[in-house]
Amino acid sequence: MLGTSLSEAASPASGLLAADLDDLGLRLGESGGTLRVWSSAAEAVELVVFDDVDADWIVDARPMSAVGGGVWSVDSDLLRPGTRYAVRVDGPQGPRNTFNRNTLLVEPYSRGVIDNGIGEWRSVAVQGHFDWGGVTKPATPLDRTVIYEAHVKGLTKRHPAIPPALHGTYAGLAHPAMIEHLHSLGVTAVQLLPVHAFGNELRLLQHGLTNYWGYNTLNFFTPHAPYATAESRAAGPEAVLREFKGMVRLLHEAGLEVILDVVYNHTAEEGIGGPRSSLRGIDNSAYYRQGADGAYIDVTGCGNAVDTSTDAAARLVLDSLRYWARDVQVDGFRFDLAVTLGRDRDHTFTPEHPLLQAILEDDALRDVKKIAEPWDVGLGGWQTGNFGPGWSEWNDRYRDRVRNFWLSDVDYARRASTAPVGIGGFATRLAGSSNTFTAERGPLASVNFVTAHDGFTLRDLVSYDVKHNLGNGEQNRDGADTNRSFNHGAEGPTDDVRILTTRRRAMRNLLGTLLFSAGVPMLTAGDEFGRTQRGNNNAYCHDSSLTWLSWDHAPWQEDLAAHVRELTRLRRENPALRPRRFARSGEHTPSASVMEWYDEHGRTMSHEKWTNPAHRTLQYVATSTPEEEALNRILLMIHGNEEPIDVTLPEIEGVSRYIPLWSSADEHPSADVEICAPGDTVSLSPTAMRLFRAE
């Protein structure tokens, strides 16, 4: 079965789940361990064991035996918890092979790795025992999920209430002070930038930079050791894993889920000529996409692409996911460049790819959250909306339309007297992107975001027209050129009170849109305080104060955080804002929101007003069709022009009053409640939002 391509497999269980691929990696027992490594083309495989103190001193080397199906196996009494080991692989020479019998390689299923101090890596045997104390996963329903995307180190490095020994660590993330902050924000899940063991590209080191984000994976099973405390690092990989699991347990006790940003699409071995640290030396022809001449087919932009059309490569990904979901108890995964994982042997994306199907169907993964980044840089790489049921997707169409409406359209209108488009496309995104996701998948297929780790921060989005990436060492060529941002009249820092006031309101509009939209909202860490990266929209290579969160805030930043807390509370308390399904005209659809649209006069929106670029004022009424919660109805006012306007509240059957809940015009969330009646007139400031509950 190992010779069968996944694209030809009859089902996910065919080939991918072949018994020959079971139990790869190291299994420890009372009298030693058994190591199993897969290589279809190898002619010889050898286990190498190192000294317990000197990771460069070989104390034993023994051949592994071919046991069928491309698997090589060896038993050794030297394989015990803490043992440092590697494999050496020899095989035929040719354009698709890069075997070298002298290269010491990381075993792909290693639960621990260490740097030997001279730029080489060693696998470490890890037992992995941990007492979960009866703590289980929170299992937050998707409609109640609010994701907080964060970097382990950057989030905690400067937090004043976290002990310095825990700064930048897994333990720091689980500290009561951080849990209190996450609770106060109303988020339900922490989505961590890559925590699989990763390395630095030589190019960055030559510039005095590092790979801060971590999208350069060395091994799919090992937590990144530098994010552990000094005490755990000194004790070794077993202690690092224990600290990671301890973080998960404490976050779960607090009701917070842990989602991992996982990078299975490429590895740290880069292009041909890059490091040969693991898969390249074990079976280059099977693990990486390449042509007959050995040239890599790079659909990731990172030098290589893992070839998930082969059973062994796909099974490696699946087994890693199983391990993190079952043994480490994480709650979900965000798949970086997920399109690469769904490409067949012809390098064409298909949502029916056996790996993607196996991820949905595997018992260990059935209940975890699965979020695809639905693009890569290869031919046909943009696939937003094309993953199947069971997947959620980062919705870049949402991001772009929301930025356009509140930022670049306003910029355009200042110069041309009218915006380039009307409000229709924005309304579609607000209501769950039904033009992108099928009725079967519904609005929860959309992970809505305005910012992410990649790109401008929220504050920079309203403060810069262009990127400022000179510090990245690439002459400002890297990073996106099209940001749909607007500096509101000055590039970067300014003392102009009018500009600063308008910027703050723009941030509140963006946050209000994000948290009042149908779908799953994702907030980027630091945006709640208006964090800046000084206009750098690709700060992946800066491990410094540029990327670490500051916890020393001006009053306006505390006001912004108060708005975030209010917005998440309102989302939580109003199910009409978080439907599970799309409503269907003339039908009763449980857990949907029936949507009605009115203009500034309280009249049903006309076709002309939907399409008129000059018309950018809308009243959006959503009424829940409850299954488990009480009936709920909200009215959201949106005004996207820079002139104030009076809006007449619509007269709707069964509605006798409107209770004001939130306004983006307020610098600090207001507690004043002036009840309004249908037909009353409400004044809106320029570019503003207001939320009401209709009773």
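The side chain of threonine 145 comes within 2.9 Å of the backbone oxygen of proline 141. This distance, like the other values below, is computed from a predicted model.

**Threonine 145**

- Threonine 145 is part of the loop that runs between β9 (121-124) and β10 (147-150).
- Threonine 145 counts as buried because its relative accessibility is 0%, where the cut-off for buried is under 20%.
- Beyond its neighbours within four places in sequence, threonine 145 is in contact with Thr140, Thr188, Glu257, Lys369, Val520 and Pro521.

**Helix α10**

- Helix α10 spans residues 354-361 and is mostly covered, with six of its eight residues buried.
- The buried residues of α10 are Pro354, Leu355 and Leu356, together with Ala358, Ile359 and Leu360.
- Two helices, α8 (311-327) and α9 (338-341), are included in what covers these buried residues.
- The strands β13 (332-335) and β14 (369-372) are also included in that cover.

**Cavities**

- Across the whole structure, a search finds nine cavities of 30 Å³ or more.
- The largest cavity holds about 160 Å³ of space.
- Its lining consists of 17 residues, and those nearest the centre of the cavity are His151, His453, Arg531, Gln533 and Thr547.
- By class, the lining of the largest cavity comprises eight polar, seven nonpolar and two charged residues.

Methods
Residues numbered from 1 in each chain as written. Predicted model: local features only at pLDDT ≥ 70, side-chain atom pairs only at ≥ 80, totals over all residues. Heavy atoms only, no water. Buried < 20%, exposed > 50% of the residue type's maximum accessible area, 1.4 Å probe, protein only. Helix = DSSP H or I, 4+ residues; strand = E, 2+ residues; numbered from the N terminus. Contact = heavy atoms within 4.5 Å. 1 Å grid on protein atoms, 1.4 Å probe; cavity = no way out; pocket = protein on both sides within 12 Å on 5 of 7 lines; lining within 4 Å. Points joined across faces, edges and corners; volume = space filled by probe spheres on them. Nonpolar A, V, L, I, M, F, W, Y, C, P; charged D, E, K, R; others polar. Polar contact = N/O pair within 3.5 Å; in protein donor to acceptor, adjacent residues only side chain to side chain.
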